[in-house]
Structures are given as structure tokens and as C-alpha cells.
Amino acid sequence: GRERESERERGREISSLPMVAAWLTCLAASGSALLASPLLRGAVVQTRHSRSVKMQSDPFATRDAGTGFDDEGGMVRGIAEGGLTLEQVTAAAGQAGPSLPVEKAAKLVLKDPEWNLDKMEMSATDKDFEIACNSMDDAEIVIDVPPMMNTFEDYFFGLTADSHSSFSISTDESSPLEGRMQRRGGEPTVVKIKCEPNGASGTFDAHLCFILENEPGFSKFYKISCTSS
């Protein structure tokens, strides 16, 4: 009796093996299908893409000190990479640009009118320029002052006090406001001037004085007129 019972148990175990094998096969197929599913692949790619898009390199960005993420969930790298904080940018925006010492600024006046061979008339300026722009736009002009002496000469330049307020010198794109000029044949001193009418219409004038401290007779004077419409 015990031998027959053992044979029946072995028979049931053997008969169940195909079912187990079939179940394992189905499970493996389901796992492969799940891994190969476009939906799952799309989710993984989307996650990477999302992280890539939200990763910021803006040096002015700020982040939450506790989480290290910005308000959109993206990592902010600007501060970690040595960028400026918002407070630093705001402070820098309120700082005035380079300016001349008072005693030099007081010398930014036109010379007395004299005969100008190029203009064929009496004039207080050596050369005049005309620019134009829309009243809501701006206009720029670059003036090159070539070295005119055989020696290095100290210089400084700026706009006269009566120049229209819409004019300014782009100091970050010009030569230093004061320095030493090259000798004749060397690189010119560059002055970039911008006119921003800020909605005003008309013709506005400014005068640029380029002063040679030790050779004032060779200083240069320019007139810039901007027509805003």
C-alpha cells in the first residue's frame, strides 16, 4: 500500500512539471515584453530628457539651499560653477562706469574756432559725424583716433558737459578713458559712442574731446549728430 502511494505522489510531481515550465516561460516572455514595451522605453528616455532640459547653466540662477533644485525641479549649476548671484548682479548694475578725475573732466571743452582745411571753414571741431535711428531704438558710431606723434603721449577723452544726455561712451567697447597713445603708425585709440533717444525725436548733438596732456595743440575734437525720428 505504501509503495502504491509513493508511486502516485511521484506521478503527480512529474505531471506538474510541464505546467511549471509553461508558467516560467510565460513569466519570462512577459518580462521581456515589459522591458521591450515602447511605453516603458519612452518613460526612461523622457526622464533623461527632462533632466537634461532642466539642467541649468545660467550663472545668475538661484537655487534652494536645502534641496539644490530650482522651482521647476531642475538642478542649478550656476552658483556651483562660480557664477554671480542675483544680489551681485543687481549691485553691479547700480555701479557707475569708469569716469575721469574732476580736473581732467573740466578740460573737456572745445577749442576756439580755427580754419579747417577739410571743411574749408572756421570750425571748433576737426571732424563731424552724422548718425540716425528710430526714437525707440539707438545708434552707435566708432571713432578711431590714429597716433599723430612720434612719441608715446598721455591722453584722455570724454564728452563735453553740454552734450545731449542721450549720448554716452560705451566704455566696455572703447579704449581706456585715459592712458598712453601709441606712436605714429601704431594702433589707433578707439572710442565707441551710443545715442539712445528713449522716445524723443529730433536732432541731438554731442562733442568728443580727445586731449593730449603734454601736446594740447594736437588734441582732436569731434561733433556727433544723431537724428531721431
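Me: How should I read burial here, and does C209 count as buried or exposed?

Reply: In general, a residue is called buried when its relative accessible area is under 20%, exposed when that area is over 50%, and partly exposed in between, with a 1.4 Å probe and protein chains only. C209, at 0% relative accessibility, therefore counts as buried. Please keep in mind that this is a predicted model, in which local features need pLDDT of at least 70 and side-chain atom pairs count only at pLDDT 80 or more, whereas totals for chains, interfaces and linings use all residues. Residues are numbered from 1 along each chain as its sequence is written, and side-chain values use heavy atoms, with hydrogens and water left out.

Me: What share of the protein's residues is buried, and how much accessible surface does the protein have?

Reply: Of the 229 residues in the protein, 28% are buried. Accessible areas come from the Shrake-Rupley method with a 1.4 Å probe, and for residues only the protein chains shown count as cover. The accessible surface of the protein comes to about 15,400 Å², and carbon and sulfur atoms hold 55% of that.

Me: Which elements does the chain contain, and in what order do they run?

Reply: Helices (H or I, at least four residues) and strands (E, at least two) are DSSP runs, numbered from the N terminus. The protein has four helices and 10 strands, and from the N terminus on the order is α-α-α-α-β-β-β-β-β-β-β-β-β-β.

Me: What is a nonpolar core, and which residues touch the most other members of the largest one?

Reply: Nonpolar side chains tend to be buried together in soluble globular proteins. A nonpolar core is a set of buried Ala, Val, Leu, Ile, Met, Phe, Trp, Tyr and Cys residues joined through side-chain atoms within 4.5 Å. The largest one here has 33 residues, of which I143, F157, F167, I169, I193, L208 and I224 touch the most other members. Two or more residues come from each of β3 (127-133), β4 (139-145), β5, β6, β8 (189-195), β9 and β10, and β9 gives the most, with seven residues. The contacts of I143, leaving aside its neighbours within four places in sequence, are F129, T189, V190, V191, I193, L208, Y222 and I224.

Me: Which nonpolar residues form a patch on the surface instead?

Reply: Patches are made of residues with over 30% relative accessible area and no salt bridge, where like charges are joined within 9 Å and nonpolar side chains (Val, Leu, Ile, Met, Phe, Trp, Tyr) within 5 Å. In this structure W115, L117, M120 and M122 form such a nonpolar patch, with about 500 Å² of accessible area together. M122 has its place in strand β2 (residues 121-123) and counts as exposed, because its relative accessibility is 51%.

Me: How many salt bridges does the count come to?

Reply: A salt bridge is a side-chain nitrogen of Lys or Arg within 4 Å of a carboxyl oxygen of Asp or Glu, and by this rule the count comes to nine. One of them joins K104 and E213, at 3.5 Å from N to O, and this pair links distant parts of the chain, with K104 in helix α4 (residues 102-105) and E213 in the loop between β9 (202-212) and β10 (220-228), 109 residues apart. K104 is buried at 14% relative accessible area, while E213, at 35%, is partly exposed.

D154 and R180 also meet in a salt bridge (2.9 Å, N to O); D154 is in strand β5 (residues 153-159) and R180 in strand β7, 26 residues apart. D154 is partly exposed at 22% relative accessibility, and R180 is exposed at 55%.

Me: How many disulfides are counted?

Reply: A disulfide is a pair of cysteine sulfur atoms within 2.5 Å, and by this rule the count comes to zero. C133 is in no disulfide, since the nearest cysteine sulfur, that of C226, is 3.9 Å away. C133 counts as buried, at 9% relative accessibility.

Key: Contact means heavy atoms within 4.5 Å.
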